[in-house]
Amino acid sequence: MRGRLGVEVSEVQRSRVLGAARRVISEYGYEGMSVARVTGRAGVSRRTFYDLFEDRDDCFLTLFADAVRVARDRVAPAYAVDGSWAVAVRGALGEFLGLLDEEPVLGRVLLVDALRAGPRVLAYRAEV
């Protein structure tokens, strides 16, 4: 039972840190996403941050991967419609632009800050 509680606490802390990182990015961008700002917003210690993430880029990479998943889940069905390539692309772009309008921080992570991040993020971005 004790092990499960530790997992739940860790998941809650991870969620708090990622939420704080999103807020920091929305205000300061990737360049201003320091561990100190994120931990301060999340209300966790630096040790907790480093228990959850290797470094700031690892935290950002997690946000980026989550953003890619959200975008893929939204865009892929629109692209998979029967019809011409142009219809599929138009539908996918419409969904993607709608998502960016609804979630501007997600767009910032995907389109702006990912280009400023470290080599692991850039490599993953190139892959996806």
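This briefing describes the overall make-up of one chain and then the surroundings of two of its residues. The model is predicted, so local features are reported only at pLDDT of at least 70 and side-chain atom pairs only at pLDDT 80 or more, while totals for chains, interfaces and linings use all residues. Residues are numbered from 1 along each chain as its sequence is written, and side-chain values use heavy atoms, with hydrogens and water left out. The secondary structure comes to seven helices and zero strands, where helices (H or I, at least four residues) and strands (E, at least two) are DSSP runs numbered from the N terminus.

**Whole chain**

- The C-alpha atoms fill a box of roughly 55 × 40 × 25 Å, taken along the principal axes.
- Of the 128 residues in the chain, 37% are buried, a term that means under 20% relative accessible area, with exposed meaning over 50% and partly exposed lying in between (1.4 Å probe, protein chains only).
- Among contacts with a separation of 6 or more, 58% join residues 24 or more positions apart, contact being defined as heavy atoms within 4.5 Å.

**Helix 5 and helix 6**

- The axes of helix 5 (residues 85-102) and helix 6 (residues 104-112) come within 5 Å and cross at roughly 115°; these axes are lines fitted to C-alpha atoms over the stretch in contact, and angles run from 0 to 180 degrees between N-to-C directions.
- Helix 5 contributes Phe96, Leu99, Leu100, Asp101 and Glu102 to the contact, and helix 6 contributes Pro104, Leu106, Gly107, Leu110 and Leu111.
- These contact residues divide into seven nonpolar, one polar and two charged, with Ala, Val, Leu, Ile, Met, Phe, Trp, Tyr, Cys and Pro counted as nonpolar, Asp, Glu, Lys and Arg as charged, and the others, Gly among them, as polar.

**Leucine 110**

- Leucine 110, which lies in helix 6, is buried, with a relative accessible area of 10%.
- Leaving aside neighbours within four places in sequence, leucine 110 is in contact with Phe64, Ala67, Val68, Ala71, Phe96 and Arg125.
- The C-alpha atoms of leucine 110 and aspartate 66 are separated by 9.9 Å, although the two residues are 44 residues apart along the chain.

**Phenylalanine 64**

- Phenylalanine 64 is found in helix 4 (residues 56-79) and counts as buried at 2% relative accessibility.
- Beyond neighbours within four places in sequence, phenylalanine 64 is in contact with Val109, Leu110, Ala114, Tyr124, Arg125 and Val128.
- Phenylalanine 64 and glycine 29, which are 35 residues apart in sequence, are 13 Å apart in space, C-alpha to C-alpha.
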